[in-house]
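Hi there,

Here is the structure I promised to pass on to you. Have a look at it first, and then read my notes below.

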Amino acid sequence: MSSTTKLSALASASDAANGAAPQLQERQIQVHLRKIPLLADLSDEEIAKVKGELRYRHFPKRSVVLHKGGIGDALLFLLSGQLQVIDVTEDGRAVGLRMLAAGDFFGEIALINGSTRSASVVATTEVLVAFLPASTALHLFSHSPSVARKMLGHLAQKIQRDSEFRALLSINNTTRRIYTYIALMQQTEDKDGRRVVENLPTHQDIANMINTSRETVTRALLVLAQQAVVRKEAHRLIILDPDALQRLAQGS
């Protein structure tokens, strides 16, 4: 399993989902369920039930984890790696909708609505995904106050993110659109107090998200680096001057 997997319970190899990679069938998978935010406040009894129901599957980079139009038969948890939620336009162009990181869950809308999947999900790195059957997930939604509360908060944040994203796509200036997207990306704080974007998507993945080209994203990041607004490292972006980035995003 990838060293990036950080997500109390051992799931034996026999728990691997149908079609799982052979290496998952040959060794145990350690998954810390309480480090998954949605499940963090479950009782020990509930954790044990979820543990018994989860099935695991490994996907290589660029493989499709969920297909648009598929049946919503499970709630999925990303345990390691990174995913991108995408839709495809009528002319066959892939449009990125959002990125998913370890600890995130997805596929909830189809479960709640009883509908088919509204978008596809593609692995942008090698990933490990856990599948929780729909019946168990729906029981948690209706019988676990902590899960219901977190799900409501998640849906509210999703609406807000979608609104921000629509506003971003309405920006005509492509460079400003890139700067705004970077400013909106999830950031953490390192030991030196700097804002950091971990697991930075590839330039192509960013381009898919904001309807531009990979080359345009590369040029915009280079300009930011030359102006000492950001510093790009392997798979991460350090925001050296957040105020300057915000001014650029606003067109100042």
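Let's begin with a pair of strands: strand 5 (residues 74–80) and strand 10 (residues 127–133) run antiparallel to each other, joined over six bridges. Within this pair, Leu75 sits opposite Leu132 of strand 10. Please keep in mind that this is a predicted model.

In case sheets are new to you: strands of a sheet pair through backbone hydrogen bonds, either parallel or antiparallel.

Gly52 lies in helix 2 (residues 44–53). Is Gly52 buried, partly exposed or exposed? With a relative accessibility of 43%, Gly52 counts as partly exposed, because that class lies between the 20% and 50% cut-offs.

There is another open sheet of four strands, ordered 11-12-14-13 and paired antiparallel. Its edge strands, strand 11 (188–189) and strand 13 (230–233), each pair on one side only. Strand 13 is joined to strand 14 (residues 236–239) over four bridges, in the antiparallel sense, and here Lys232 stands opposite Leu237 of strand 14.

Leu237 brings us to the inside of the protein. The largest nonpolar core has 25 residues, and Leu237 is one of those with the most contacts inside it, along with Tyr181, Ile182, Ile210, Leu224 and Leu245. Contributors of at least two residues each include helix 5 (145–169), helix 8 (214–226), strand 14 and helix 9 (242–249). Beyond its neighbours within four places in sequence, Leu245 is in contact with Tyr179, Ile182, Ala183, Leu224, Val229 and Ile239. A second, separate core of 24 residues includes Leu33, Ile36, Tyr56 and Ala134. As background, nonpolar side chains tend to be buried together in soluble globular proteins.

Finally, the overall picture: the protein has nine helices and 14 strands, and 44% of its 252 residues are buried. Its accessible surface comes to about 13,100 Å², with 50% belonging to carbon and sulfur atoms.

Enjoy exploring it!

Best wishes

Conventions. Residues numbered from 1 in each chain as written. Predicted model: local features only at pLDDT ≥ 70, side-chain atom pairs only at ≥ 80, totals over all residues. Heavy atoms only, no water. Buried < 20%, exposed > 50% of the residue type's maximum accessible area, 1.4 Å probe, protein only. Areas by Shrake-Rupley, 256 points an atom, 1.4 Å probe, with all protein chains shown as cover. Pairing = 2+ DSSP bridges. Core = buried A, V, L, I, M, F, W, Y, C linked by side-chain atoms within 4.5 Å. Contact = heavy atoms within 4.5 Å.
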